[in-house]
Structure formats: structure tokens, C-alpha cells
Amino acid sequence: MSGGSKRYLMKAVASSVAVTSIGVLPLFLGRFQVVLLTEVIIWGVFALSFNLIYGYTGMLSFGQSMFFGAGAYILTYGIIWEFGLPLSLVMVALGGALLGLIVGAVAVRVRGAKFFLVTLVGAILFHLIALDNRWLTGGDDGLLVPLQFRGITENFYLIYGFGLFVGLVTFAIVKSPVGLVFRMIKGDRERAELLGYWTDGYRILSFAIGGAIAALAGGLYGYTTGFVSADFFHWSYSADAVVWTVLGGSGTIAGPFVGAALLTFIREVLSSTWGVVYPVLVGLLLVGLVLGFPDGVVGLLGRISSRYSDKKGADGG
Amino acid sequence: MKELLVTRGLGLEIDRKNIIRDVDTSLAVGEIKGVMGPNGAGKSTFLRLLAGELCPTSGEIALRGEDMTSKPAREFNKSGISYVSQRPGPFPDLTVEENVRGAVQRGSLFSRRSVRSKVDTLVDLIGIQAKLGLSARELSYGEMRTLDVGMALASEPVLLLADEPTAGVSGDVADEIITLLKGLCRSNDGRRFGLDGLIFVEHDKGTVFHLADRVGFLREGRFVVEGSPEEVRENRAVVQYLAEHGVD
Ligand SMILES: Nc1ncnc2c1ncn2[C@@H]1O[C@H](COP(=O)(O)OP(=O)(O)OP(=O)(O)O)[C@@H](O)[C@H]1O
Ligand SMILES: [Mg+2]
């Protein structure tokens, strides 16, 4: 078996084991931990949406909170208007994709560092608009999602299944011909253009897919908490997505989930001092990551495991 | 003679500096043109204009009679102009196979079968089978340049522009690249990846005079002389330049 396919097989086995163990985890956990685990999966999906735009297409966007908030409200109104959960989720995905197309079409016109600023300004603007339009969003006080909650374990498996589905779809996308173009754009946009690709079109597409996924995360979060407010549009959600992704490992499917889990765990351990510690921690982490291991925890594990298997190969031969 | 590429009054001015001045030149179908000249003469800039990477501030470019001047770079590629830049260009984080596939798939994104077979043909042509699984950053310099040429051929261009494709490449590999390019131009009777024209920049005069049908000597943004290798070799400016910088 060639080195490449061997590594591929190892990855597949490792992912299956990880996914299965998370699936049986609720059997051994208390109610509170199951709720936390459910949240971690939602945050992982949310960070994954950013990862597609940043880790795979190379655009450092601060705009994910726009899609997150929009998704939460589309779901809420879907439930209020009695479309039912499945149809509401479809609307959330389509709404997120449409918003992604629009935001993407504006953002990709801006070159260089200004790109980041434009997406940040967009995020802040959406938050202000949501705060101001109480008739629609309920402002700070928010809206209740009028539904019968399914129970903690049942909700976990709903979110778990969803996380798995989104993870697999994203995997299929990044492995597809379109995903290859995304990665080429991340590597060198001008060169991709010289090879004949309309790179702005692909960048907008990446935004649309990322928008749909982020909106689903927002919708599922609203569904899980039974409550949405204008705060769902707060730009700090964008920042969280960046931190989770970069910490866990950008440009990988597992990375955002690992990052979200790690930070949620640290948050719980440090709960009382979290408000002070989080910003400092984030700052240190980002510096450490950029200097030390740019591809995050997953990248680090990958490097360790490949070093290990290289050594084995050398010993054997 | 049928013209493949024609430029009229082509110029590029950046910060009030004329980097390319009023260049009228043409390339006949089947022709190989070598461009030489001192450092900073504007050779790379000239090719980047022809590749659509830069937009000229004056003049025009036509490919087979079609005006290309204000089109974006990707349209140059789609119209049949491919470009190997002076700096190695493979995507370093992608594998060699992904690099080739990324270049190949553009016109047929979802027909896996035809992409697959074209990748295989191209990989055979440039002889990089053994390296397919490596990431491009692990390649030697010569392998990167070979991959550059392969990726430029992927769109099955009519015209290839190559900026010093063999500079800094060890002798054997450089010879392979030259032989490949020459073969693609000389026996283009329906052969896959065959070229209708080639414009290359090269410092090594041996390579220029050996490979080119016509040679242009560029200095300070304009062609001082253009003609057959024999004519150019005897031009006073060229003689002087070669005496100072000639490699052989
Ligand atoms: N984007 C730019 N802005 C300003 N000046 C530029 C730009 N690009 C190139 N130049 C200038 O234009 C001139 C021609 O550069 P070019 O790279 O085309 O030369 P060249 O003939 O390819 O040289 P070399 O043999 O070193 O590759 C140089 O003086 C360079 O400094
Ligand atoms: Mg040059």
C-alpha cells in the first residue's frame, strides 16, 4: 500500500473512532455535560463554516455572525409560522446561502487587508440593525422559539446527526473539483486567475456555502436554547469562530470541532475568572499559534503521527 | 503569412516610467520567438502584458485577429494563451497531482473521466509520475519549472509564453524542458498539447539562437532589433551586449 493511501486509511479509521465515541458519550455523561457537548457540536459546525471561507479559500472574514444571527431568526420564524423543523432548516440553509452570496459579492470587491475590515463593519452593522428593529427581532429581549423541546438526549442526537451530516458534506465539497479551486485560490489567487478561473466567482461561492452552514449553526443554536435575540448577531461570535478554527486547525474538517471543544472545556474549568482570562488567553493563543504551530492542534497531531510513522518506516527498512 | 499574435503600439507606464514603449511586433503561426536583453529591460513585463496579467496603458494586443487588450487574465487563458512566469508558480501546499489536476480541470470541472485521462497524458509528457504524491514545495527547482510548463500546457493553449523557463535549472533538466517545448512547436500536426506559437525569454544566447526562429533584443522597453537569429547576432547593440554579458 502506498504511503498516501495508508495515511488516508489511518485518517478514516481515526475519524470513525472519534465520531463513534462522541456518539456513545451521552451514555456516560450527566445532563449538564450532554448539554455542553451539544453546544460544542453546534459551535464546531459554526467554526467549520468559517474554516471553509478561511482555511480552504484563504479569506479572513469576520462576517460569520451575520449568518449565525440570520439563521437563528429564520428558524424562529419558520417555527412561529408553523413550517415545522425540517422545512425551517431548509429555509435557514437557503437564506444563509443567499445572504452569503450578497455579502460575498460585496466583500470580494475589496482587496487586501480592507477585506477583513469590510466584513467586520458588516457584522457590526447587522448587530445594530437587529437591535434597532425590535418589531422583527425583539431586540435585546429577543423572541421565544415556540416549540416543544425534545429532551436533552434526543436533542443531542439531532445535533450530532446534523453535525455529522454537515461535516461529511463539507468534506465532500473540499475534496471536489470546486474545493480544489478554493485551495488554489487560497494558495495564490492571481495564479488561479491566470489558469483561467474566475476566482471572484469561486470566492463568492465559498461565502454562500459558508453562509448556509453558519446559518444552520445559528438556527440549531436557537432551537436548542429555545430563545433568540439580537445578540445572536454580535460580532464576537465571528471572533469565536476564528479562534476555534485557528486553535483547532484551519484547513481541516476536525479542527474547528477540536478547537470549539477545547475552548469550551477551558471555559468550564475557569468559569468564574473566564471574563478576564478569555481575552488574554485568546491573545496568547493566537500569538503562539502563529509563531509555533500555524495549523493548530489537528495539524500538530498530524505532524506527530506522520513523524511517528516515518520513523517506523525507517526502522523497518 | 498568417499572424497568430499581433501587438500595436503596446506600452506600459507605471509611475510616469515607461516600462514598455510602443512595441509593434507579431508572431506567425508555427513560429518560435526568443526575447533577450539586459536585466530590467522589460522582458518579463512584456510577457506579462501578453499573458493578460498586466493591462497595457497604451496600444493593443490581438490573438488571431481577436482584440484581447482589456480582457482579464482568465480570458487570455481561455482564448489559448498560457504563461509560465519567471518565478516558479506551483501551489506549494497542493500535491503535484493536485497542481496538475487543478490546471487541467478548468474547462471540464465535473467530467472526472476526461480530467483523469488528461492528467495522465500530461504527467507522462513532463515525466513527473514519481513525484505525484509529493507536495509541490518538496520538488527541486528544476522539477518545479517542469511542473510549471506542464500546468501551462494543461489548457491546451495555442500560444505559450515562457519567462526564463530554464534559468537556474541544471543542465539535463534544462535540456529536457527545451526539447519538450521545441517538440510541441515543431510537430504540431494534431498532436495533443501541440503549440501554434511560443515566445520565450532567455538569457542564455546558445538556447535563444538554437531554439528560436526569430529573435528580439529588448532594451529599455523597446525592441532594438528583431529578426532571424543570424541578423540579430550581427546587430551592433547585440554584439556589444553579448561581449559584455554573453555566456558562451
Ligand atoms: N510593478 C512595477 N512597478 C514599477 N516598476 C516596475 C514594475 N514591474 C517592473 N518594473 C520595472 O520595470 C523594468 C523592467 O522589469 P522586468 O522585470 O520586466 O525586466 P526583465 O527584463 O524581465 O529583467 P530580468 O532579466 O532581471 O528578469 C525594471 O526597471 C523594473 O524595475
Ligand atoms: Mg524578467
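A:L180, A:R183 and A:M184 in helix 8 of chain A meet B:E98, B:R101, B:G102 and B:A103 in helix 3 of chain B. Contact here means heavy atoms within 4.5 Å. Helices are DSSP runs of H or I with at least four residues, strands are E runs with at least two, and both are numbered from the N terminus. By class, this contact of helix 8 of chain A with helix 3 of chain B has three nonpolar, one polar and three charged residues. Ala, Val, Leu, Ile, Met, Phe, Trp, Tyr, Cys and Pro count as nonpolar, Asp, Glu, Lys and Arg as charged, and the others, including Gly, as polar.

The model is predicted: local features need pLDDT of at least 70, side-chain atom pairs need pLDDT 80 or more, and totals for chains, interfaces and linings use all residues. Residues are numbered from 1 along each chain as its sequence is written, chains are lettered from A and ligands numbered from 1 in written order, and side-chain values use heavy atoms, without hydrogens or water.

Now the geometry. Helix 8 (residues 177-187) of chain A and helix 3 (residues 96-104) of chain B have axes 10 Å apart, at an angle of about 105 degrees. Helix 8 of chain A is therefore roughly perpendicular to helix 3 of chain B, a term that covers 65 to 115 degrees. Axes are lines fitted to C-alpha atoms over the stretch in contact, and angles run from 0 to 180 degrees between N-to-C directions.

Helix 8 of chain A also meets helix 7 (residues 152-175) of chain A; the axes come within 4 Å and cross at roughly 70 degrees. Among the residues in contact are A:I173 and A:V174 of helix 7 and A:P177, A:L180 and A:F182 of helix 8. This contact has six nonpolar, one polar and two charged residues.

Turn to ligand 1. Of the 14 residues around it, B:G40, B:G42, B:K43, B:S44 and B:T45 come nearest; a residue is near if one of its heavy atoms lies within 4 Å. Helix 1 of chain B gives the most to this shell, with three residues. A polar side-chain atom of B:H203 lies 3.1 Å from an oxygen atom of ligand 1. For B:Q86, the distance from a side-chain N or O atom to a ligand 1 oxygen atom is 3.0 Å.

Conventions: A polar contact is a pair of N or O atoms within 3.5 Å; within protein, one must be able to donate a hydrogen and the other to accept it, and residues adjacent in sequence count only if both atoms are side-chain atoms. Angles under 35 degrees count as roughly parallel, over 145 as roughly antiparallel, 65 to 115 as roughly perpendicular and the rest as oblique.
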